[in-house]
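Here is a short briefing on one protein chain. Look over the sequence and the structure before reading on.

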Amino acid sequence: MGLIRLIILALLGWIAYGLYRRYQQHATKRDDSLNAPSQPDQLGSERMVRCQQCQLHFPEREAFMKDGHYYCCQEHRDHV
Ligand SMILES: [Zn+2]
């Protein structure tokens, strides 16, 4: 009865694999929901400024400054 034992083992392995995959999907989904609320906090602690050229909002630390105005990139800063 070696064949039946083999089939049962294969079935058990397949079920275990299915459960493992389901668990992994749950784990990644849970990670996403955990990461999501932390992002607005990061944005909230960071000052947002607006590009004088294209009105785009972006973090102050990425800003290019000229004459007290913020710009999203060098091109927009030099364009004005
Ligand atoms: Zn811009």
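## Briefing: the chain and its zinc site

The protein chain has an accessible surface of about 7100 Å², and carbon and sulfur atoms account for 57% of that area. The model is predicted. The chain holds two helices and four strands. Along the sequence they run α-β-β-β-β-α.

**Overall build**

- The chain has 80 residues, and 9% of them are buried.
- Take the contacts between residues at least 6 apart in sequence: 6% of these join residues at least 24 apart.

**The zinc site**

- Which atoms hold the zinc ion as protein donors? They are the SG atoms of Cys-51, Cys-54 and Cys-72, plus ND1 of His-76.
- These donors lie 1.9 to 2.4 Å from the zinc ion.
- Along the chain, the donors follow the spacing C-x2-C-x17-C-x3-H.
- Why is the arrangement called tetrahedral? The angles between the four donor atoms around the zinc ion run from 96 to 121 degrees, and the tetrahedral label needs all angles between 85 and 135 degrees.
- For comparison, the ideal angle for four tetrahedral donors is 109.5 degrees.
- His-76 has a relative accessible area of 22%, so this residue is partly exposed.

- Seven residues are listed in a nonpolar surface patch: Leu-3, Leu-6, Ile-7, Leu-11, Trp-14, Ile-15 and Leu-19.
- The patch covers about 790 Å².
- One of its members, Leu-19, sits in helix H1, which spans residues 2–45.
- Is Leu-19 buried or exposed? Leu-19 is exposed, because its relative accessible area is 53% and the cut-off for exposed is over 50%.

**Two loop residues with positive phi**

- Gln-55 is not a glycine, yet its phi is positive, at about 65 degrees.
- Gln-55 lies in the loop that links strand S1 (48–50) to strand S2 (57–59).
- With 41% relative accessibility, Gln-55 is partly exposed.
- Asp-67, also a residue other than glycine, has a positive phi near 55 degrees.
- The loop between strand S3 (64–66) and strand S4 (69–71) contains Asp-67.
- Asp-67 is exposed, with a relative accessible area of 69%.

**Helix H2**

- Gln-74 belongs to helix H2, residues 74–79.
- Its relative accessibility is 40%, so Gln-74 counts as partly exposed.
- How far apart are the C-alpha atoms of Gln-74 and Ala-63? They are separated by 9.1 Å, and the two residues are eleven apart along the chain.

Conventions: Residues are numbered from 1 along each chain as its sequence is written. This is a predicted model: local features need pLDDT of at least 70, side-chain atom pairs count only at pLDDT 80 or more; totals for chains, interfaces and linings use all residues. Side-chain values use heavy atoms; hydrogens and water are left out. Donors are N, O and S atoms within 2.8 Å of the metal (3.2 Å for Na, K and Ca); water is not among the atoms, so sites may look incomplete. Four donors count as tetrahedral if all angles lie between 85 and 135 degrees; four count as square planar and six as octahedral if opposite donors are over 155 degrees apart and all others between 65 and 115; anything else is irregular. Buried means under 20% relative accessible area, exposed over 50%, partly exposed in between (1.4 Å probe, protein chains only). Patches are made of residues with over 30% relative accessible area and no salt bridge: like charges are joined within 9 Å, nonpolar side chains (Val, Leu, Ile, Met, Phe, Trp, Tyr) within 5 Å. Accessible areas come from the Shrake-Rupley method with a 1.4 Å probe; for residues, only the protein chains shown count as cover. A salt bridge is a side-chain nitrogen of Lys or Arg within 4 Å of a carboxyl oxygen of Asp or Glu. Contact means heavy atoms within 4.5 Å.
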